[in-house]
Amino acid sequence: MIKELTAEKNISSLIEKLEKQHSLDKEGLVMLLSMENPSELYKAADRIRKKYVGDEVHLRGIIEFSNYCHNTCFYCGLRGPNKAIKRYRMEPEEIIECAKRGVEMGLKTIVLQSGENRYYKITTLCNIVEKIKEMDVAVTLSIGELSKKEYAELKKAGADRYLLRIETTNRELYRKLHPGMSYENRLRCLMDLRELGYEVGTGSLIGLPGQTLEMLADDLLFFKKINADMLGIGPFIPCENTPLEKEKGGDVNLVLKMIALSRLLLPDINIPATTALAVKDKDGYAKGLQCGANVIMPNIGIEEYKRLYKLYPGKVPDDPNEAVNSIENIKKVILSQNRSIGKDKGYRKKVFH
């Protein structure tokens with residue numbers, strides 16, 4: 001009994017320190033990640049979220065414009081060797097039309113995402129970015145590893161943010177899960193994006209086979225070190241026709257702890273409650289918002305293509321009206337949490353130094 005009380009006191013003091021100082025060592029982070037009852041942690045993250053980024057939840061419309069990918073990541077349904085999915089590419093005019101519809105819905109950020117594939121020339125992508133920027137919105141890109149010169153051209157065309165999830169900062173695990181890819185090149189990309197003035201987003205996939213709490217603590221310390229502007233943290237969901245299709249998948253509670261710790265370590269950044277979290281748990285969006293998240297990314301692409309962007313199962317239900325990431329459903333969730341819909345472009349306001 002005395003041991004339990006001492007442990008509880010230690011946990012409370014760690015959370016208090018994190019809430020006040022926004023820093024913690026690896027040992028402390030591992031202890032908090034292993035908590036059985038994290039409600040105190042979630043409440044602290046929610047307080048910090050309210051203090052630094054307020055009650056607004058920013059909606060960012062995502063357009064998945066191509067599911068071609070030359071990578072072979074073990075966890076991803078879009079991996080190049082997966083012959084079971086039908087591939088597609090959207091025409092530039094289709095992408096721009098989707099963006100226009102998103103803007104008409106009131107969205108202030110358009111996110112362009114695709115598998116990693118060299119079909120689209122940089123000049124074409126720059127032209128698409130320029131046309132979307134004319135609609136007076138922020139543009140986020142999530143199109144993988146490029147050269148610094150290419151990132152610079154896209155920035156000059158008007159791209160504001162870039163999302164490049166590292167998934168794990170453990171080099172050995174990264175190497176196992178990403179055959180033919182280089183951890184060092186991933187880091188190079190993140191550093192180039194930072195140097196070029198992008199808002200830089202990265203993040204972790206929670207529940208990967210072989211991943212430990214110590215590795216997740218290292219992820220958090222890495223995000224703090226590079227001062228990430230956005231963090232996407234979601235559960236690993238096994239996908240058929242991939243090497244990890246028989247694995248267990250990520251734990252929702254561990255995802256929520258990672259979101260909460262990210263908010264406490266980096267108080268003023270943007271953190272989405274991810275679609276994968278909402279697929280894994282029907283209340284995933286609400287739970288994410290309660291633990292420090294302040295962004296949700298509704299899918300505003302073409303219905304036919306949404307079904308083909310099969311990153312993981314359950315992402316798109318048979319009935320479009322049941323889609324967890326439809327704008328209507330998302331707005332209901334936000335309002336149910338006594339939160340408001342963001343009215344501006346949702347840039348990071350660096351109020352914590």
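Helices (H or I, at least four residues) and strands (E, at least two) are DSSP runs, numbered from the N terminus. On this basis, His22 falls in the loop between helix H1 (2–21) and helix H2 (26–33). This is a predicted model, in which local features need pLDDT of at least 70 and side-chain atom pairs count only at pLDDT 80 or more, while totals for chains, interfaces and linings use all residues. Residues are numbered from 1 along each chain as its sequence is written, and side-chain values use heavy atoms, with hydrogens and water left out.

**Cavity**

- The structure has one cavity of 30 Å³ or more, a cavity being a set of points, on a 1 Å grid over the protein atoms alone, where a 1.4 Å probe fits but cannot get out.
- The volume of the largest cavity is about 1,000 Å³, where grid points are joined across faces, edges and corners and a volume is the space filled by probe spheres set on the points.
- Its lining comprises 48 residues, and Gln113, Ser142, Arg165, Glu167 and Leu311 lie nearest the centre of the largest cavity; lining residues have an atom within 4 Å of a point.
- Two or more lining residues come from each of strand S1 (56–66), strand S2 (109–114), strand S3 (138–142), strand S6 (230–235) and helix H11 (275–280).
- S6 contributes the most to the lining of the largest cavity, with five residues.
- The lining of the largest cavity divides into 25 nonpolar, 15 polar and eight charged residues; Ala, Val, Leu, Ile, Met, Phe, Trp, Tyr, Cys and Pro count as nonpolar, Asp, Glu, Lys and Arg as charged, and the others, Gly among them, as polar.

**UniProt annotation**

- An unreviewed UniProt entry places the feature "domain: Radical SAM core" at residues 55–274; UniProt positions are given in the numbering used here, feature names are shortened, and annotations may be inferred rather than shown by experiment.
- The end C-alpha atoms of residues 55–274 lie 18 Å apart, and the span is 38% helix and 18% strand.
- The unreviewed UniProt entry also places the feature "binding site" at Ser142, a residue of strand S3.
- Ser142 has 10% relative accessibility and therefore counts as buried (under 20% relative accessible area, with exposed over 50% and partly exposed in between; 1.4 Å probe, protein chains only).

**Aromatic contacts**

- The structure holds seven aromatic pairs (rings of Phe, Tyr and Trp, the last by its six-membered ring, with centres within 6.5 Å; planes under 30 degrees apart count as stacked, over 60 as edge-to-face and the rest as tilted).
- Tyr162 and Tyr198 form an edge-to-face pair, at 5.8 Å centre to centre and 85 degrees between the planes.
- This pair links distant parts of the chain, 36 residues apart: Tyr162 is in strand S4 (residues 161–163), and Tyr198 is in the loop between helix H8 (183–195) and strand S5 (199–206).
- Tyr162 and Tyr198 are buried.
- The pair of Tyr174 and Tyr183 is edge-to-face because the ring centres are 5.4 Å apart and the planes lie at 75 degrees; both residues are buried.
- One aromatic cluster is formed by Phe65, Tyr119 and Tyr120.

**Charges over rings**

- The charged end of Arg89 sits over the ring of Tyr119, 3.9 Å from the ring centre (NZ of Lys or CZ of Arg within 6 Å of the ring centre and within 35 degrees of the ring normal).
- Lys155 lies over the face of Tyr198, at 5.8 Å from the ring centre.

**Positive phi**

- His22 is not a glycine, yet has a positive phi of about 60 degrees.
- Glu167, in the loop between S4 and helix H7 (171–177), has a positive phi near 70 degrees.

Terms used:
On a 1 Å grid over the protein atoms alone, a cavity is a set of points where a 1.4 Å probe fits but cannot get out, and a pocket is an open set with protein on both sides within 12 Å along at least five of seven lines; lining residues have an atom within 4 Å of a point.
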